Amino acid sequence: MIFDADDAGQKAAKEIWATRLGVDKCYNVLLPQGYDVDKFLLEYSKEDFEKLIKSATKFKVDGIYSLAEALYQLYERGMSKDEDRIPFPWESINELLGGGVKKNWLIVVSGIPGSGKTTFVTQILYHFAKVYNIPSLMFCMEMSESDLALKVIQLEKDLTYNEILPSDALVYLSDMEDIPLYFGYKAQITPQLFYNTMKAARDRYGIGIAAFDNLQRMVRSDKEADFAKASGMFKDIAMELKMPFILISQPRRINAERSITSSDLKGSGAIEADGDLIILLNRKRIKESKAHSIFEEKTTIIVDKSRYSPGGKVNLRFIGEKSKFVEFEG
């Protein structure tokens, strides 16, 4: 029995018939794309069909690739625009990343509370949606969709928080409704539930980049195994759904006078293993009184781990009243 070369035909050949008969006993006769047996016999000779039968091979073992197959895939990646890096909003950071980020990357962002992690990531997603028209999703466990929308209005209109009137939301909608940016929230989210949600969002809305804020709202324990399970799931999303994925993670309590490192992250062993990039935000506190302190605008961005670039650090300026980071001058 010979099946079509398309995905449906190959799936039926292996998962239904070959599985019933015994995969090791069966050979896969691969027809040219767009052909079934009848069409092939009408257009080709008996000798061509015999050659096709002789070229049949046993079914592949899922997840196993020869060096030749891997090199061919590498060639196809090099010829495809999908391999291009997509830049962040800040050129100084892009220089540390070799030009930007790629599909399949898990990007971890961390910083002490109040350093601007959610704002930083929201600005990245807005940039991807606005500039590159890539459907982007911010799944946030700490802010409502309307509060996140306020941040997007600030970025789009360059407004302070106090300059935005909620009653003008429909006016902003008329200018911004074509920006493919989405927000998500589910109480008591689990790794498996989130994976299913992301797959559905990818299939329904074409999501091409997403973020989760934050890991510690999903993993409530201190067990490394629980962090490893969640971190592995986020890496699976990046790899299997073929998108850059940003994971916001909190550090342990540290001395406020020093910069955080990857080792300060809760569940750092799993995160360091799964993350392709680890980006850390460091801002110094300005003590105004015993009861209150604020942060400097100057923010040191450290690319603490990068599989594909040297990493390093640069400075950005955080404009708090407008909820955005800009290049640091001076």
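I began at Leu 316 and looked up its bridge partner in strand 13, which turned out to be Glu 327. The model is a predicted one, and I kept that in mind for every entry that follows.

**Strands 12 and 13**

I then looked at the pairing as a whole: strand 12, residues 312-319, runs antiparallel to strand 13, residues 324-327, and four bridges join the two. The hairpin they form has four residues between the strands, and among these I noted Ser 323, whose phi is positive and near 50°.

**Lys 324 and its partner**

Which residue forms a salt bridge with Lys 324? I found Asp 158, with the closest N and O atoms 2.7 Å apart. This pair links distant parts of the chain, since Lys 324 belongs to strand 13 while Asp 158 sits in the loop between helix 7 (145-157) and helix 8 (169-176), 166 residues apart. I checked the accessibility of both ends: Lys 324 counts as buried because its relative accessibility is 16%, under the 20% limit, whereas Asp 158, at 34%, counts as partly exposed.

**Asp 276 and Arg 307**

I next looked up the salt bridge in which the side chains of Asp 276 and Arg 307 meet, with an N to O distance of 2.6 Å. Asp 276 lies in the loop between helix 12 (268-274) and strand 8 (277-282), and Arg 307 in the loop between strand 11 (298-306) and strand 12, so this pair ties together parts of the chain that are 31 residues apart in sequence. Is Asp 276 buried or exposed? I read a relative accessibility of 2% for Asp 276, which counts as buried, while Arg 307 is partly exposed with a relative accessible area of 40%.

For Lys 199 I noted a salt bridge with Asp 203, the closest N and O atoms being 3.4 Å apart. Both residues lie in helix 9 (residues 191-205), four residues apart, which is about one turn of the helix. Lys 199 counts as partly exposed at 35% relative accessibility, and Asp 203 is likewise partly exposed, at 49%. My search of the whole structure gave nine salt bridges.

**Backbone entries**

Most residues other than glycine have a negative phi, and most peptide bonds are trans, so I listed exceptions. The peptide bond from Asp 213 to Asn 214 is cis, with omega near 0°, and Asn 214 lies in the loop between strand 6 (209-213) and helix 10 (215-218). Asn 104, although not a glycine, has a positive phi of about 80°; I placed Asn 104 in the loop between helix 5 (91-96) and strand 3 (106-111), where it is partly exposed at 28% relative accessibility. Lys 242 also has a positive phi, near 55°, and is found in the loop between helix 11 (224-240) and strand 7 (245-249); with a relative accessible area of 54%, Lys 242 is exposed.

**The chain as a whole**

The protein chain holds 12 helices and 13 strands, and 44% of its 330 residues count as buried. Among contacts with a separation of 6 or more, 65% come from residues 24 or more positions apart. I counted 45 positive and 48 negative side chains, with the centres of the two sets 5 Å apart.

Note on methods
Residues numbered from 1 in each chain as written. Predicted model: local features only at pLDDT ≥ 70, side-chain atom pairs only at ≥ 80, totals over all residues. Heavy atoms only, no water. Buried < 20%, exposed > 50% of the residue type's maximum accessible area, 1.4 Å probe, protein only. Contact = heavy atoms within 4.5 Å. Lys, Arg positive; Asp, Glu negative; His and termini not counted. Charge placed at Lys NZ, Arg CZ, Asp CG, Glu CD. Pairing = 2+ DSSP bridges. Salt bridge = Lys/Arg side-chain N within 4 Å of Asp/Glu carboxyl O.
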